[in-house]
Amino acid sequence: MIKIRESLLFIMMISTLIFGQNDTLTINQCVDIALKNNPQIRLAQSNYDINYSNLVITRSDIYPQVSLQSGWNRNGGTFFQGPSAIPRTFETYNTGFQGSLLLFDFGKTYSRISAFSDLADASAQDVINAKQSLILNTYIAYFDYLQAVKLKKVSQESLQQATEHLKLSRSLFDVGSKPQFDVIKAESDEATARVNLLNAENNIDITRLQLENILNKKLPPDFTLRDEFEVVRDSVSESASLNTALQNRPEIIAGKFRVDANKSFLTSAWTANFPTINASGGYIWKSFALNQTFEGSWSLGVAVYLPIFQGFALDAGIQQAKANLDNAQATYDLTEQAVTLDVRQQYSNLRLSQNQITASRSLLKAAEETLRLAEARFKEEIGSAVEVTDARVAYYNAQVLLIQTLYNYQVTYARLERAMGIFK
């Protein structure tokens, strides 16, 4: 019986460990879930598929175009045979194939192929950009929830301290050592602490919903996140961050592809004024009845198409291509400026958050000691209730400030990695 009980206990312990591990999510696990479930990625992927389809369609112009055809015709009317007019009807049957091939168009088609290839590559970078934006949003939601959980713990601790102080104030009042004011002040402090706890609990619910929205997944009621507030990231210089961003940021790479694509479109628009040479040929079998022998005939030829006047459409096409190129180049320049500003701002914010962490730890240590002294003075009946309240508020604010600075550090570092374009 004892062995069976021990075996059951062992199984329960193992089950608890397994479920605990499954319900504890890391930031990497959350990122994987978001990338698999969030529709933002499917939207970016569909845009890439559209652009790649345009590339395939345009590329098909350089391959032979072959088609099969088959038909039936019934003809009727008056036909003249010498001096006589004979009313007659007859049928014709035909089947065969036709083919054509672009021989030369001064690079117009190849320029369009190059343009659509660059647009497809730009769309691929848009997919990467969408993934990196989603990863950043996942980081923010992840640390938002962790921050909310930590703030709830601080509020619980503050409420516990306020409750204990209220008990002490009442006991001292009962023996006549403290005035009723101290009791009323302690009751007010406890009520404030309860309100803070309610707000903290509500904030957990909100941040949980935000995290589930990013993951596009309902989380189990007892899930937890691995606490990574204290993780120290690798340091990087501002110049290295900026160089990395200019080389890796997907918006910049996509902008380069779009500039190159519009250059190719301009070349294609300009070469539209030149001739296009096509070869064509085919073979057709014809008969006047299905039970008769089909006789074949073939055709082969070369055609030259040269636009002479198209109602100024070709000139307008060139001007439009130039305008699109100027637009793409200006967009690229603006993107480069925005990325540079983003990197420098995030790097500055990161240095600030690092310094704030050090200062916040010192402030918390001082506030904790001040609260200890204030409570000791109150117990010894040489301190006032206001002094304790001020010390407790300062301690609570110092705890909140440290949590916020740790949160800002993690999120700012994630924003810097996003600005550098190195999120994977």
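In which hand, left or right, does H5 pass H9? The structure is a predicted model, and in it H5 passes H9 in a right-handed crossing. Let's look at that pair and then at the helices and the pocket that go with it.

## H5 and H9

Helix H5 covers residues 180–215 and helix H9 covers residues 385–420. Their axes come within 9 Å and cross at roughly 15°. Because angles under 35 degrees count as roughly parallel, H5 is roughly parallel to H9.

On the H5 side, the contact involves Phe181, Asp182, Lys185, Asp189 and Asn196. These meet Ala385, Val386, Thr389, Arg392 and Tyr396 in H9. Sorted by class, the residues of this contact of H5 with H9 are 4 nonpolar, 2 polar and 4 charged.

## H4 and H9

H9 also has helix H4 as a partner: the axes of H4 and H9 come within 10 Å and cross at roughly 170°. With angles over 145 degrees counted as roughly antiparallel, this makes H4 roughly antiparallel to H9. The contact of H4 with H9 has 15 nonpolar, 11 polar and 6 charged residues.

## H4 and H8

H4 has a further neighbour in helix H8, residues 313–379. The axes of H4 and H8 come within 11 Å, with a crossing angle of roughly 20°. That angle makes H4 roughly parallel to H8, and the crossing of the two is left-handed.

Where do you find the residues of this contact? In H4, look for Gln161, His165, Leu168, Ser169 and Leu172; in H8, they meet Leu371, Phe378 and Lys379. By class, the contact of H4 with H8 divides into 4 nonpolar, 3 polar and 1 charged.

## The largest pocket

The largest pocket holds about 290 Å³ and is lined by 16 residues. If you want to find its centre, the lining residues nearest to it are Leu146, Val149, Lys150, Lys153 and Asp227.

Which elements supply the lining? Helix H4 (108–174), strand E4 (224–225) and H9 each give at least two residues. H4 gives the most, with 6 residues. The lining of the largest pocket divides into 10 nonpolar, 2 polar and 4 charged residues.

## Bringing it together

H4 runs roughly antiparallel to H9 and roughly parallel to H8, while H5 is roughly parallel to H9. Both H4 and H9 also supply residues to the lining of the largest pocket.

Technical notes. Residues are numbered from 1 along each chain as its sequence is written. This is a predicted model: local features need pLDDT of at least 70, side-chain atom pairs count only at pLDDT 80 or more; totals for chains, interfaces and linings use all residues. Side-chain values use heavy atoms; hydrogens and water are left out. Axes are lines fitted to C-alpha atoms, for helices over the stretch in contact, and angles run from 0 to 180 degrees between N-to-C directions. Helices (H or I, at least four residues) and strands (E, at least two) are DSSP runs, numbered from the N terminus. Angles under 35 degrees count as roughly parallel, over 145 as roughly antiparallel, 65 to 115 as roughly perpendicular and the rest as oblique. A crossing is left-handed if the near helix is turned anticlockwise from the far one by less than a right angle, and right-handed if clockwise. Contact means heavy atoms within 4.5 Å. Ala, Val, Leu, Ile, Met, Phe, Trp, Tyr, Cys and Pro count as nonpolar, Asp, Glu, Lys and Arg as charged, and the others, Gly among them, as polar. On a 1 Å grid over the protein atoms alone, a cavity is a set of points where a 1.4 Å probe fits but cannot get out, and a pocket is an open set with protein on both sides within 12 Å along at least five of seven lines; lining residues have an atom within 4 Å of a point. Grid points are joined across faces, edges and corners, and a volume is the space filled by probe spheres set on the points.
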